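Please open the structure in a viewer and keep the selection tool at hand.

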Amino acid sequence: MRKTPLLDLKAQYRTIRREVEQAVMGVLESGRYILGPEVEAFEQEVARFTGTRYGIGVANGTDALLLTLDAAGIGPGDEVITSPFTFFATAEVISRLGAKPVFVDIDPNTYNLDVSQLEAKRTEKTRAIVPVHIFGQPADMDEINRFAEACGLFVLEDAAQAFGSDYKGRKAGSLGHAATFSFFPTKNLGGYGDGGMVVTDNEELTAGIRSLRVHGRSHRSKYHNARIGYNSRLDELQAAVLRIKLKYLESWNRARREKARLYDRMLKGLPVVTPTAREDRTHIYHLYIVQSEDRDALLKGLQERGIGVGSYYPVPLHLQEVYRDLGYQEGDLPRAEAISKRSFALPLYPEMDEEMLQGVVEAVKAFYR
Ligand SMILES: *Cc1c(COP(=O)(O)O)cnc(C)c1O
């Protein structure tokens with residue numbers, strides 16, 4: 001039986017090994033290891049790639065969210081609207097700043113924020129909205145921006161899962177006031193360690209985040225502090241690796257999309273719900289998520305057949321233990337709750353071949369027989 005992992009990072013490394021090793025050696029020889037020329041070049045390349053003016057490299061995707069909301073002035077007493085169906089970090093940073101996450105139910109097809117429910121969740125304390133481009137498909141940004149503009153809200157895209165996807169011809173990252181990326185190794189643009197970035201057109205916000213990432217340093221000198229900040233910086237090794245990977249990203253994303261289309265076709269007729277991809281945006285399938293009424297048994301069956309699978313996300317954030325004080329009950333956000341019991345990821349990465357995909361689909365069929 002051939003084993004198929006959910007993700008194979010070594011397979012990708014093998015395709016770029018020579019270039020990566022050269023770049024890493026170059027950094028080691030350079031004597032600059034944190035916030036140097038590789039980071040600066042990478043910041044500019046990501047800004048250019050996404051069609052924004054500024055890139056600010058930070059330590060990880062969580063900090064990218066945290067520093068941006070902090071620089072935007074979010075704090076105690078504020079409410080920030082976001083999705084309950086995302087990685088915990090999206091809401092965590094809001095709480096970390098002393099603000100309150102307000103969860104809006106999701107679209108049952110795309111799993112992104114249901115924009116028709118935004119108005120009902122708005123109060124006079126609402127200051128920002130953090131849409132997540134979940135699993136690699138941009139949220140309904142036109143509607144979100146229209147809503148935010150009408151109420152004067154700050155819009156931060158959590159684009160951790162959507163590097164390179166686009167929406168009506170514009171790249172994820174350029175669709176709100178600011179956007180954040182994660183370069184955690186499993187993300188579709190991932191380093192060999194932690195990393196993150198903020199992109200924005202806003203000069204003042206950029207200056208604020210650049211200051212916050214180095215302890216709130218003022219423009220006067222390293223030893224003048226204008227605010228309470230963080231130590232959150234991107235390192236040269238990660239930037240050097242990511243600059244190489246950025247060159248291949250579009251072709252890797254294309255490969256993901258092709259593989260997703262093959263799965264869509266091969267899974268037809270089986271009792272699993274395949275992903276919905278909207279026509280006016282590109283889904284880059286950070287994860288290929290399907291739904292099954294028999295999820296837990298199916299996951300077990302696939303694992304027994306050597307197929308790597310993962311449940312995303314089994315606990316919607318409004319029902320997390322730590323958020324009991326927010327006062328949500330089961331039944332408050334019924335779609336996120338129902339989908340969290342049915343959804344899971346099948347293996348998908350650019351280096352997978354068709355035979356492997358067929359093997360996965362065969363295993364699904366075998367389970368249902
Ligand atoms: C991965 C991820 C993050 C956090 O990124 P880290 O680099 O792991 O800190 C935030 N939001 C979403 C949606 C993510 O998938």
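**The surroundings of the ligand**

The shell around the ligand consists of 4 nonpolar, 7 polar and 2 charged residues. The model on display is a predicted one. Begin by selecting the ligand together with its shell: 13 residues surround the ligand, and G61, T62, D158, S182 and K187 are the closest.

In D158, a polar side-chain atom lies 2.7 Å from a nitrogen atom of the ligand. In Q161, an N or O atom of the side chain is 2.9 Å from an oxygen atom of the ligand. In S182, the corresponding distance, from a side-chain N or O atom to an oxygen atom of the ligand, is 2.6 Å. On its own, the ligand has 380 Å² of accessible area, and the protein covers 93% of this.

Now switch to a surface view of the protein. The ligand sits in the largest pocket. To see which elements contribute to its shell, select α3 (61–71) and α4 (89–96), the elements that give two or more residues to it.

Is Q161 buried or exposed? Q161 counts as buried because its relative accessibility is 5%, under the 20% limit for that class.

One is the backbone nitrogen of F135, which the Q161 side chain reaches at 2.6 Å. Another is the side chain of Y313, with which the Q161 side chain makes a polar contact at 2.8 Å.

Select Y313 next, in the loop between α9 (295–304) and α10 (334–342). Include Y312 in the selection and inspect the bond that joins the pair: the peptide bond from Y312 to Y313 is cis, with omega near -15 degrees.

**Two residues with positive phi**

The last stops concern the backbone. Select K168, in the loop between β6 and β7 (170–171). Although K168 is not a glycine, its phi is positive, at about 50 degrees. With a relative accessible area of 43%, K168 is partly exposed.

Finally, move to H215, in the loop between α7 (203–212) and α8 (236–266). H215 is not a glycine either, yet it has a positive phi of about 65 degrees. H215 counts as partly exposed, because its relative accessibility is 42%, between the 20% and 50% limits.

Technical notes. Residues numbered from 1 in each chain as written. Predicted model: local features only at pLDDT ≥ 70, side-chain atom pairs only at ≥ 80, totals over all residues. Heavy atoms only, no water. Near = heavy atom within 4 Å. Polar contact = N/O pair within 3.5 Å; in protein donor to acceptor, adjacent residues only side chain to side chain. Areas by Shrake-Rupley, 256 points an atom, 1.4 Å probe, with all protein chains shown as cover. 1 Å grid on protein atoms, 1.4 Å probe; cavity = no way out; pocket = protein on both sides within 12 Å on 5 of 7 lines; lining within 4 Å. Sits in = over half its atoms within 2 Å of the grid points. Helix = DSSP H or I, 4+ residues; strand = E, 2+ residues; numbered from the N terminus. Nonpolar A, V, L, I, M, F, W, Y, C, P; charged D, E, K, R; others polar. Buried < 20%, exposed > 50% of the residue type's maximum accessible area, 1.4 Å probe, protein only.
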